[in-house]
Amino acid sequence: MTSTTKRLEKKSAGKNNAAKATRAGFSDPAVDAVFNAYPRPIKARLLALRRLIFDTAKTTKGVGALQETLKWGQPSYLTAETKSGSTIRIDQVKSAANQYAVYFHCQTDLVATFRELYPTEFSYGGNRSILLNAADDVSEPALRHCVALALTYHLNKRKAARAK
């Protein structure tokens with residue numbers, strides 16, 4: 001085997017490892033496929049939002065590991081380990097190509113709470129979502145706070161019930 005062949009094999013092996021590492025970020029190939037189907041600007045924003053959700057879960061007491069899956073065809077994040085929070089879903093807004101959203105269970109008071117806390121930082125879709133524009137900067141601290149509130153929704157309800 002020549003030194004050139006060895007170098008090419010190493011390069012090829014490196015590319016394969018890099019491809020595996022990229023896909024390895026998704027535990028569910030169906031979720032990976034959904035992200036790969038988004039248009040580039042939306043995909044970049046949703047991947048950043050996904051990282052924010054996982055980072056927030058990791059740094060928020062009582063949340064534990066998240067389960068990433070699809071619900072209604074949308075990437076969804078559940079606190080299956082601790083049951084501390086309400087499911088968070090993310091997706092492109094179907095009626096607006098340049099918008100994406102963070103969806104919350106509509107029978108919670110989460111979006112009403114977000115409206116009180118952040119009346120001008122976000123646009124809202126009824127009682128179920130925060131709407132974001134791909135071209136706009138996002139208030140990351142405010143969004144991180146909203147995500148943390150969702151991830152601890154049931155935990156906080158249990159604490160409030162015990163305090164009564």
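This is a predicted model: local features need pLDDT of at least 70, side-chain atom pairs count only at pLDDT 80 or more; totals for chains, interfaces and linings use all residues.
Residues are numbered from 1 along each chain as its sequence is written, and side-chain values use heavy atoms, with hydrogens and water left out.

**Helix 3 and helix 5**
- The axes of helix 3 (residues 40–59) and helix 5 (residues 140–151) cross at roughly 60 degrees and come within 9 Å, the axes being lines fitted to C-alpha atoms over the stretch in contact, with angles from 0 to 180 degrees between N-to-C directions.
- Leu49, Leu52, Ile53, Asp55, Thr56 and Ala57 of helix 3 meet Glu140, Leu143, Arg144, Val147, Ala148 and Leu151 of helix 5, where contact means heavy atoms within 4.5 Å.

**Cysteines**
- The count of disulfides (pairs of cysteine sulfur atoms within 2.5 Å) comes to zero.
- Cys146 is buried at 0% relative accessibility, whereas Cys106 is partly exposed at 38%; buried means under 20% relative accessible area, exposed over 50% and partly exposed in between, with a 1.4 Å probe and protein chains only.

**Ser129**
- Ser129 lies in strand 6 (residues 129–133), a strand being a DSSP run of E with at least two residues and a helix one of H or I with at least four, numbered from the N terminus.
- Ser129 is buried, with a relative accessible area of 3%, and, leaving aside residues up to four places away in sequence, touches Ala101, Val102, Tyr103, Phe104, Val111, Ser123 and Tyr124.
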